[in-house]
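Here is a short briefing to read alongside the structure. Please keep the view open as you go through the points.

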Amino acid sequence: MANLFDHLGNSWLGWLVATLLLVVITGKTLPFSWHIRVILGYVNYRYFEPRGSYAPERGDGSVSVFLPSVYTTSTSPGDLDYTLHKSNSTYLADLDLARGRHFYGLFRVGLEKYSKQGTSVFPALGAVSCTFKKEIRPFAKVRIWTRVLAWDDKWIYLISHFTKAHRIVDTVSNRPSYSAKPLTANAATPQSAVYATCISKQVVKQGRKTIQPVEFLAACGLLPHESTDDGTSALLDDARASPNRPASRNWTARRIEERRCRGLALAKHVAALDEGLAWFSETQDAPFAMY
């Protein structure tokens with residue numbers, strides 16, 4: 001056995017094995033690995049995922065804008081801090097991937113509509129706020145639930161939860177336009193499975209133009225609309241909801257607005273962070289040290 005290790009240590013095969021082992025264990029934190037993961041995620045969305053896998057095909061109110069997506073990842077040694085728990089700074093890197101997959105999945109129909117106009121449409125991140133509840137141990141499998149929390153005249157707010165993977169049960173849907181139902185927590189108190197909660201606000205840009213959230217979500221087929229007598233477009237009311245749909249799918253205009261307002265009450269605290277700019281001054285308080 002000693003001769004075998006000596007041989008591997010002195011041969012190119014030994015270095016190759018060591019390199020591959022290093023990549024497998026710390027692949028998430030190697031140089032440019034974040035960029036590669038982002039690019040691979042976009043390529044997968046653009047060329048390999050079926051068009052109807054996530055995005056709704058019809059704006060009839062049967063699909064909710066609040067449906068979550070779930071991104072699965074794990075904690076590599078490079079993610080750890082000196083306490084051997086997942087470092088707080090690495091949450092945001094994983095959140096980028098989860099938020100991107102949610103955006104390009106749920107909003108796929110609208111993105112394609114705008115791209116046909118000859119101008120690229122993309123999300124621009126404005127802020128992220130993260131609250132940590134429990135530590136994540138080495139090599140732990142983590143799922144990131146991301147869903148729309150609310151929107152206002154400019155921003156779309158997303159809320160993401162880092163959760164324990166073993167608390168989640170996958171259920172397969174027979175709906176032709178969806179590959180799976182939203183995952184459900186298999187616990188008496190699902191909140192006990194949450195490691196951290198993050199709220200992100202982002203704006204949708206078409207070149208230099210900002211697209212209003214209501215306009216963008218309607219283009220995605222996520223807000224039910226109908227034509228009124230005066231030729232304008234209005235949200236469907238509860239009376240137009242199909243009685244044949246399951247109750248959880250009857251996301252009518254009234255329910256959507258009630259849910260948006262509840263989410264906006266929480267999202268406004270993130271929006272209020274913009275006021276922190278006024279607290280910076282180079283002259284009011286002299287620094288006690290320069291590092």
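**A briefing on the predicted model**

Glutamine 206 sits in strand E7, which covers residues 194–206. Keep in mind that this is a predicted model. The chain has 291 residues, 37% of which count as buried, and it contains 7 helices and 10 strands.

**Glutamine 206**

- With a relative accessibility of 10%, glutamine 206 counts as buried, because the cut-off for buried is under 20% relative accessible area.
- Setting aside neighbours within four places in sequence, glutamine 206 touches Tyr114, Gln117, Thr119, Ser120, Val121 and Ile211.

**The chain as a whole**

- Among contacts in the chain with a separation of 6 or more, 75% are between residues 24 or more positions apart.
- The chain's accessible surface is about 17600 Å², and carbon and sulfur atoms account for 59% of that surface.

**Nonpolar cores**

- The largest nonpolar core holds 23 residues, and those with the most contacts inside it are Phe107, Val148, Trp151, Ile156, Phe216 and Leu217.
- Two or more residues of this core come from each of helix H4 (88–106), H5, strand E3 (141–151), strand E4 (156–164) and helix H6 (213–219).
- H6 gives the largest share of this core, with 3 residues.
- Tryptophan 151, leaving out neighbours within four places in sequence, is in contact with Val65, Phe66, Ile156, Tyr157, Pro213, Val214, Leu217, Leu223, Ile256, Arg260 and Leu264.
- Another core, of 13 residues, lies apart from the largest one and includes Leu95, Ile144, Tyr195 and Cys198.

**Helix H4**

- How does the span of H4 compare with 1.5 Å a residue? The 19 residues of H4 should span 27 Å, and the end C-alpha atoms are 27 Å apart, so the two values agree.
- The buried residues of H4 are Thr90, Tyr91, Asp94, Leu95, Leu97, Ala98, Arg99, His102, Phe103, Gly105 and Leu106.

**Salt bridges**

- How many salt bridges does the structure hold? There are 8 salt bridges in the structure.
- Aspartate 94 and lysine 86 join their side chains in a salt bridge at 2.7 Å, N to O, and both aspartate 94 and lysine 86 are buried.
- Glutamate 112 and arginine 108 form a salt bridge through their side chains at 3.6 Å, N to O.
- Glutamate 112 and arginine 108 are separated by about one helical turn, because they are 4 residues apart in helix H5 (residues 108–115).
- Is arginine 108 buried or exposed? Arginine 108 counts as buried, with 6% relative accessibility.
- The side chains of glutamate 135 and arginine 137 also meet in a salt bridge, at 3.3 Å, N to O. Glutamate 135 counts as partly exposed, at 38% relative accessibility.
- Arg37, Asp79, Lys86 and Asp94 belong to one network, joined by salt bridges that share partners.

**A nonpolar surface patch**

- Leu13, Leu16, Val17 and Leu20 make a nonpolar surface patch of about 330 Å².
- Leucine 16 is placed in helix H2, residues 12–26.
- The relative accessible area of leucine 16 is 38%, so leucine 16 is partly exposed.

Terms used. Residues are numbered from 1 along each chain as its sequence is written. This is a predicted model: local features need pLDDT of at least 70, side-chain atom pairs count only at pLDDT 80 or more; totals for chains, interfaces and linings use all residues. Side-chain values use heavy atoms; hydrogens and water are left out. Patches are made of residues with over 30% relative accessible area and no salt bridge: like charges are joined within 9 Å, nonpolar side chains (Val, Leu, Ile, Met, Phe, Trp, Tyr) within 5 Å. Accessible areas come from the Shrake-Rupley method with a 1.4 Å probe; for residues, only the protein chains shown count as cover. A salt bridge is a side-chain nitrogen of Lys or Arg within 4 Å of a carboxyl oxygen of Asp or Glu. Buried means under 20% relative accessible area, exposed over 50%, partly exposed in between (1.4 Å probe, protein chains only). Contact means heavy atoms within 4.5 Å. A nonpolar core is a set of buried Ala, Val, Leu, Ile, Met, Phe, Trp, Tyr and Cys residues joined through side-chain atoms within 4.5 Å. The expected span of a helix is 1.5 Å times one less than its number of residues.
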